[in-house]
Amino acid sequence: MTSRQAAERLGVKLETLYAYVARGLLRGIAKNGAAPHGRRYAEHELEGFLARRRWSRRVVASAVSSTDGGRLLYRGRDAVALAERSSFEEVASLLWAGEPEDGREWPEVAAGRLESATRAAGAVRGAPPVVQAQILVAALTAEDETRSATDGASVRATATKLVTRLVAGFAVVRGRPLEASSRGPMAARVLSALGGRPTSTSVRMTDRALVLSAEHELNASTFAARVAASTDADPYAVVGAGIATLSGPKHGGMTDRVDAMFRARRSPDEDAPLGFGHPLYPDGDPRTPPLLAAARGAARRGSVLAALFASLDAMAARGRPAPTVDVGLVATSLALGLDPGLASMLFAFGRTAGWIAHAIEQYAMGELIRPRARYVGPLPEGG
């Protein structure tokens, strides 16, 4: 786009556009030493700028995570670094209590604790995975009589029961062996529940995906979960609200759309590529490179995963936006040999940690989240 077209797209004056470029907020492409008015602007960069400006409104104070400056921090610690050396359990503890509990194994799930999940299995067996998870959370609610306590210690105890039973219940629904999904490290449990084969490499890859999915500031599902917590709804309702929102095609459902695109061996659309360009990260989603690096070694010639990497290389060569975490999760799912539609469950199981962290913080605040609408409808006659 020309400078004038770019200014019109942003709804600003030309002088304001040039100021954005001078401050490094936008990148204008100068050809042959052209003056500022002679620069050209990529449409996808303008759209990203608009999205970042929309997303810059802060509505909740939180100490759980930050996405400022192109980095993802969990309570001040770099999430990518944590993913390389920490387990999901340790990161969940960091998010919930401010410190990781090294080497602590979460409780084993006894078959008797999954009676509701077992009864629900028949009704949801043919449903999409995320719907199965929604129904499982509702079914598990009835089996926890202490779920209503909202002090930090009680919520943390409830959370470990909820997450371990959700993963084990998902294994029941999917017809997987319960034993492998009910004991041991959570990454191994999740991988077994999703139908993967646990090895030291595959479990580490799963742990990395869970950790990098665990939290992402005030995204749509976390906001929904936090609103639920602000009403003093119990942690099961909080996670249920999060999963319901995650299922939407513009959020966690985007992972399923990206999964379907690559499995069909379709190339990303040049104008609006699914899974490319994140408004919060103009220089690239920091969660994606470690996931892709781990998955690349599993790409065999002629495989869907190899085709995915070929598409990524082609997009990079054309200067297109960097891939988002959705692509990283799909690559991880393919490398683990998971069935279609299960990459989003890596996302969902990981994000339970973030939803609970925000619930703990919101319970402690004791405030009801009640935004106001900006009315734009008709005015009363004579008003």
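1. The side chains of His 251 and Asn 219 are joined by a polar contact of 3.4 Å; the term denotes a pair of N or O atoms within 3.5 Å, where within protein one must be able to donate a hydrogen and the other to accept it, and residues adjacent in sequence count only if both atoms are side-chain atoms. This is a predicted model, in which local features need pLDDT of at least 70 and side-chain atom pairs count only at pLDDT 80 or more, while totals for chains, interfaces and linings use all residues. Residues are numbered from 1 along each chain as its sequence is written, and side-chain values use heavy atoms, with hydrogens and water left out.

2. His 251 is located in the loop between helix 13 (235–246) and helix 14 (253–263). His 251 counts as buried because its relative accessibility is 15% (buried: under 20% relative accessible area, 1.4 Å probe, protein chains only). Residues that His 251 touches (heavy atoms within 4.5 Å) include Asp 326, Phe 347 and Arg 351, not counting residues up to four places away in sequence.

3. Helix 7 (residues 129–141) packs with helix 13 at an angle of about 170°, their axes being 9 Å apart. Helix 7 is therefore roughly antiparallel to helix 13 (angles over 145 degrees). By class, their contact has 8 nonpolar, 3 polar and no charged residues.

4. Helix 5 (residues 88–97) is largely enclosed by the rest of the structure, because 9 of its 10 residues are buried. Among the buried residues of helix 5 are Phe 88, Glu 89, Glu 90 and Trp 96. Gly 98, which follows helix 5, has a positive phi near 90°.

Conventions
Buried means under 20% relative accessible area, exposed over 50%, partly exposed in between (1.4 Å probe, protein chains only). Helices (H or I, at least four residues) and strands (E, at least two) are DSSP runs, numbered from the N terminus. Axes are lines fitted to C-alpha atoms, for helices over the stretch in contact, and angles run from 0 to 180 degrees between N-to-C directions. Angles under 35 degrees count as roughly parallel, over 145 as roughly antiparallel, 65 to 115 as roughly perpendicular and the rest as oblique. Ala, Val, Leu, Ile, Met, Phe, Trp, Tyr, Cys and Pro count as nonpolar, Asp, Glu, Lys and Arg as charged, and the others, Gly among them, as polar.
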